[in-house]
Amino acid sequence: MADPFYRPDGDGFAATELTRGPWDPGSQHAGPPAGLLTRALELCEPRADAQIARVTIDILAPVPIDVLTATARVERPGRSVELLEGTLAVARDGTPLMRARAWRLRTTELELPPPPTAPEPPPGPAEGETRPFFPTGFDVGYHTAMEYRFVHGSFLQAGPATVWMRMRGALVAGEQPTPLQRVMVAADSGNGVSAALDWRRFMFINTDLSVHLARPPEGAWVGLDAVTTPLPSGVGLTDTALWDERGRIGRAAQTLLVAAR
């Protein structure tokens, strides 16, 4: 198995070079820290009778390749609905980098009529192709830590894209990542895989990531069917339908800051 994104370091987690994003050699791609913060949410007073149905992460600052802490608490307890809150921070001084809020809902068994016709699923990862990542100037980073199988579009083709993504290694060394952690690590790539602008001339950096899940994800592969819409105002939006190999699982959205390089 490939190296992990993080290694335990005291009460924190030391980021490896595999977390490096495409914009700055000293900063992480937001996917791995989103996964690390989601891990803290999942470990917060866990319940077998409930599932996390929505996670929204606000990115407060660039996340350095450093030792981080990830903490979570139940902000609003309840038997049927709970609100969780989490913070990702720099371990040495406590500077907050990301904040998360997640709704955890109780699950049950209901007799319901059949749902409306579901969207047609995309071809699976076995039918996808590996296509080149845009040059980052770095030999090692998030782009080498993930597998990509495109069934529509590519990094170097402007416009909507459909891609299956899978982590090559663990999120935290010595642990098997959960399906939800895998989804969060991948979902932040929606704006990258469906880039609508030339990355050499523009930046399109997300300020947040919001993931809504109709059911718990399964398996290692995460499917992204993504569309990015940049506007002349310098604000944009990425809308991503999320899939696993069993079917549709939910949707992700990202608010984008668009700027000329």
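This is a predicted model: local features need pLDDT of at least 70, side-chain atom pairs count only at pLDDT 80 or more; totals for chains, interfaces and linings use all residues.
Leaving aside residues up to four places away in sequence, Ala253 touches Asp208, Leu209, Ser210 and Thr238. Its C-alpha atom is separated by 4.9 Å from that of Asp239, a residue 14 positions away along the chain.

## Overall form of the chain

The secondary structure consists of four helices and 13 strands, and the C-alpha trace spans about 50 × 50 × 40 Å along its principal axes. The radius of gyration of the chain is 18 Å, which agrees with the value near 18 Å that a compact globule of 261 residues would have. Of these 261 residues, 49% count as buried, and among contacts between residues at least 6 apart in sequence, 65% join residues at least 24 apart.

The chain exposes about 12,500 Å², of which carbon and sulfur atoms supply 54%.

## Aromatic pairs

Six aromatic pairs are found in a search of the whole structure. One of them joins Phe5 and Tyr142, whose ring centres are 6.3 Å apart and whose planes meet at 25 degrees, so the pair is stacked. Because Phe5 lies in the segment before strand S1 (6–9) and Tyr142 in helix H2 (residues 142–145), this pair ties together parts that are 137 residues apart in sequence. Phe5 is buried at a relative accessible area of 2%, and Tyr142 also counts as buried, with 2% relative accessibility.

Trp23 and Phe204 form an edge-to-face pair, with 5.5 Å from centre to centre and 90 degrees between the planes. This pair likewise links distant parts of the chain, 181 residues apart, since Trp23 is in the loop between strand S2 (12–15) and H1 whereas Phe204 is in strand S9 (residues 202–206). Trp23 is partly exposed, with a relative accessible area of 29%, while Phe204 is buried, with 4%. Elsewhere, ring pairs link Phe133, Tyr148, Phe150 and Phe155 into a cluster.

## Backbone at Glu45

Glu45 is placed in the loop between helix H1 (31–43) and strand S3 (50–59). Its phi angle is near 40 degrees, a positive value in a residue other than glycine, and with a relative accessible area of 56% Glu45 is exposed.

Methods. Residues are numbered from 1 along each chain as its sequence is written. Side-chain values use heavy atoms; hydrogens and water are left out. Helices (H or I, at least four residues) and strands (E, at least two) are DSSP runs, numbered from the N terminus. The radius of gyration is taken over C-alpha atoms; the globule rule is 2.2 Å times the number of residues to the power 0.38. Buried means under 20% relative accessible area, exposed over 50%, partly exposed in between (1.4 Å probe, protein chains only). Contact means heavy atoms within 4.5 Å. Accessible areas come from the Shrake-Rupley method with a 1.4 Å probe; for residues, only the protein chains shown count as cover. Rings of Phe, Tyr and Trp (its six-membered ring) pair if their centres lie within 6.5 Å; planes under 30 degrees apart count as stacked, over 60 as edge-to-face and the rest as tilted.
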